[in-house]
Amino acid sequence: MNPTSLEISNRYTTNSSKYLPSYPRLPAILQLRVYQKQAIKNWFDNKGRGTLKMATGSGKTITSLAVTCELYQKINLQALLVVCPYRHLVVQWAREAQKFGLEPILAFESVQDWQTELSSQLYQIRIGSQKFLTVITTNATLMGQGLQSQLRYLPEKTLIIGDEAHNLGARRLEASLPRNIGLRLALSATPERYFDDAGTQALLNYFGPVLQPEFTLADAIQQGALVHYLYYPILVELTEREAETYVSLTVKIGQMISLRSEGEENEGLTALLMQRARLIGSAANKLTALRELMHSRPNTQHTLFYCGDGSVEDETSEESRRQLEAVTRLLGNELGFRVNTYTAETPLENREKLRDQLERGELQGLVAIRCLDEGVDIPAIRTAVILASSGNPRQFIQRRGRILRPTPGKKRATLFDMIVVPPDLDRATLEVERSLMRRELQRFVEFADLADNSGEARRKLLPLQEKYGLMDL
């Protein structure tokens, strides 16, 4: 039985030295897939630098830990530093690292919990009385003085792994990455940052280029790393007031894009895109569509209801919170489903309990915000209703890929995807919308094409393609 998140956190952040010695070694039962072996070879061929662009659920964590083991064998690697965007990912990494013979220090939250232990182990490494050091931290802790003051003492033979590395292209985070570490590996299904070419380039400059061949969603399904799925787009109209706001935002976005230089980072444009994404994410008619859908599915089990918006880093918007509450009321009070909420604010130990309740059928569903975007594993999900159709390609790919993770007895997943139909626009604004819609519709079409019911899914998207003259997709 797996320990809870809290137990793992306490175990690894206090008095880790009594669990030593530890060093990286492959689990006896591990069988790497062909594409994982190829990714490892490519990274070594690129002299210890590179970015692995691998589909969500394809085993990036295991691949990178296998790299760590091979480095230990080849050059007597002394330390591993893993940087993750969120606390729950630190805990997940700790679980995986333990399978590879490692006993990591979890450097997050209170500095007092881990800094003394880190200093002690760095000293033990320096004097040769300890073989290996593993530190797993969060992006926020990486930027703090408590960890920054220690990074300079990491040994020469250290590997840094950036998990969900697209986040590390943000200016402050990229500036915090240690330059004294030469071995660098980035992991992301979507390393390209949304409307931030400069941040993407900074990320690749630090970690190294995207290594070929990329491992796509189609590859992952074909090789059994992800399950097959049925895909049902649900087209939703904006209300009159929402449509007016949408048109106003789209006009401003068009003006910003026309003034923007190629590759330039534009915070004003990003803010407008986020505003529009929030409007789309919280569209009122999605509740009506959800009510109609769930009336026909009273016996649903293992279901995720995904709310949200365009916020990607730290905050959850007020619109998202309102939608979360409204969806929970609709499902629980009006329709009588056994559901609970699952958000970034849900304590780590409670998340474990909720996942267990969902798997056992005590809960029929979870109503979530953002938690699918970055590394959360809830493979028991067999059905998902996605109310947040983000324009951000990273969020789009993350959310859908996580629903396809395999688990015993799970042969296929079912996705209901609510897609907002933009209002009618004048000629000038229509061209802006067409350009933006091409990006978004391309992803919906690609996802429809990979579904077991691809013909049916594509027919549902046809009205949008016709409206914007995007029949070439």
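**Sheet, helix pair and cysteines**

In this predicted model, six strands form an open sheet with parallel pairing, in the order β1-β6-β5-β2-β4-β3. Strands here are DSSP runs of E with at least two residues, helices are runs of H or I with at least four residues, both numbered from the N terminus, and two strands pair if DSSP finds at least two bridges between them. β1 (49-53) and β3 (105-107) are the edge strands; each has a single partner, so one side of each lacks a neighbour in the sheet. On average, neighbouring strands are turned by 15° against each other, direction ignored. Axes are lines fitted to C-alpha atoms, for helices over the stretch in contact, and angles run from 0 to 180 degrees between N-to-C directions.

β1 pairs with β6 (residues 183-188) in the parallel sense over five bridges, and glycine 50 stands opposite leucine 185 in β6. Helix α3 (residues 60-75) packs on the sheet and touches β1, β2 (79-84), β5 (158-162) and β6, where contact means heavy atoms within 4.5 Å.

Elsewhere, the axes of α17 (residues 427-450) and α18 (residues 454-467) come within 8 Å and cross at roughly 160°. The two helices are therefore roughly antiparallel, the term for angles over 145 degrees. Residues of α17 including Leu441 and Phe444 meet residues of α18, among them Leu461 and Leu464.

No disulfides (cysteine sulfur atoms within 2.5 Å) are found in the whole structure. Cysteine 69 is buried at 5% relative accessibility, and cysteine 307 is buried at 0%; buried means under 20% relative accessible area, with a 1.4 Å probe and protein chains only.

Residues are numbered from 1 along each chain as its sequence is written, and side-chain values use heavy atoms, leaving out hydrogens and water. Local features need pLDDT of at least 70, side-chain atom pairs count only at pLDDT 80 or more, and totals for chains, interfaces and linings use all residues.

Conventions
Buried < 20%, exposed > 50% of the residue type's maximum accessible area, 1.4 Å probe, protein only. Parallel < 35°, antiparallel > 145°, perpendicular 65-115°, else oblique.
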